[in-house]
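Here is a short tour of the charged side chains in this structure, with a stop at one residue in a helix. Have the sequence and the 3D view open as you read.

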Protein chains: 2
Amino acid sequence: MPTTATPEKTPADESTAPSATGIERLQSARVASDIQFLIARARGRGNSHANLMLAELDLKVRHFSVLSLVCTEERPTQRELGEFLDLDPSQIVALVDSLEERGAVRRETDPRDRRSKIVVPTESGHDLHEQAAALTRESEETVLQTLSPRERRQLRALLQKVAF
Amino acid sequence: MPTTATPEKTPADESTAPSATGIERLQSARVASDIQFLIARARGRGNSHANLMLAELDLKVRHFSVLSLVCTEERPTQRELGEFLDLDPSQIVALVDSLEERGAVRRETDPRDRRSKIVVPTESGHDLHEQAAALTRESEETVLQTLSPRERRQLRALLQKVAF
DNA sequence: TATTGTTATACTCTATAACTATA
DNA sequence: TATAGTTATAGAGTATAACAATA
């Protein structure tokens, strides 16, 4: 998907050619300054880039998210994973299934409430998480390369206020 | 991490109760400070909220985006729409089809390149866009209510750097 | 030959409801 | 009765390839 590599384009005659890249011209649209739109576009680009990076580990971002939550000391239940990730229970089942099949996590019945399943990482799950975390860090670095470290901290702080 | 409106919570007995809402506990996960993750979560929430608002007009955000680009003076072709929205040509076809069926836009063959179709709004298309724009503004207001006006401007500026 | 739009198709993601086992 | 997880299924979103008309 060579969306990038826009080679220098001869400006041509402005009066006859309405061209430009097209991208620049359309910045005047109302939607182009719509924060929701910008968020959607940023997530699309970031998500596909991260998925591309994680493909090396046969993971997708959504699996990584689950793995990352599981690799804390918090011992989350499936319900809690779903709540945090804004995914419904059936989606969590599928994600945990695939992580369990490859031996990265296992389900433990919560002794305090035998309906709940706590998802815990295996040793290789921890390893996998470390590798994946390195890749997503790298991906974030690429996607946010137009931002200074200070701007990234700002962005993170602002998004945290919006996301939760 | 004092994220947002986290109401004072009685810490309870740490040794027996691992509970809390679940959301707060899991903030310690690596993924919770991952900008990509925060963007994804913000877009999920915002997108569904905006879709809910736009349902009143029988529109979705993706249709609104197209309509908004078309309602500029730039007379974009389908290809340009796809480029700007990061959607592939076949998706644009479907979106323009549905907008055309309801009489909001029509296709004009570009006289300079008869392969291209310029998508232009009808009068009722302009009306629809105005109504939809008001709703998305309202939606943005709701979703970003935890941010001050200054923070919103910051967020917009940062996202514009990332999104394009 | 290459590109724009179109159609067809398949695959992923998302949403919903019904079922089970516990509470 | 209500809740956590599971299963099944359908719908929306996304990606790809082949084709017609035009360049």
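## Reading the terms

A residue is called buried under 20% relative accessible area, exposed over 50%, and partly exposed in between, using a 1.4 Å probe and protein chains only. By that scale, B:Asp97 is partly exposed at 30% relative accessibility.

The model is predicted, so local features need pLDDT of at least 70 and side-chain atom pairs count only at pLDDT 80 or more, while totals for chains, interfaces and linings use all residues. Residues are numbered from 1 along each chain as its sequence is written, chains are lettered from A and ligands numbered from 1 in the order in which they are written, and side-chain values use heavy atoms, leaving out hydrogens and water.

## Salt bridges

Side chains of opposite charge can pair when their charged atoms come close. Here a salt bridge is a side-chain nitrogen of Lys or Arg within 4 Å of a carboxyl oxygen of Asp or Glu, and the count over all chains is 24. In one of them, B:Asp97 meets B:Arg107 at 3.0 Å, N to O. B:Asp97 sits in helix H4 (residues 89-101) of chain B and B:Arg107 in strand S1 (residues 105-109) of chain B, so the bridge ties together parts 10 residues apart in sequence. Helices (H or I, at least four residues) and strands (E, at least two) are DSSP runs, numbered from the N terminus. B:Arg107 is partly exposed too, with a relative accessible area of 21%.

In chain A, Glu141 and Arg152 form another bridge, with the closest N and O atoms 3.0 Å apart. A:Glu141 belongs to helix H5 (residues 123-143) and A:Arg152 to helix H6, 11 residues apart. A:Glu141 is partly exposed at 43%, whereas A:Arg152 is buried at 16%.

## A buried leucine

A:Leu95 lies in helix H4 (residues 89-101) of chain A and is buried, at 4% relative accessibility. Not counting residues up to four places away in sequence, A:Leu95 touches A:Arg62, A:His63, A:Val66 and A:Leu87; contact means heavy atoms within 4.5 Å. A:Val66 is 29 residues from A:Leu95 in sequence, and their C-alpha atoms are 7.6 Å apart.
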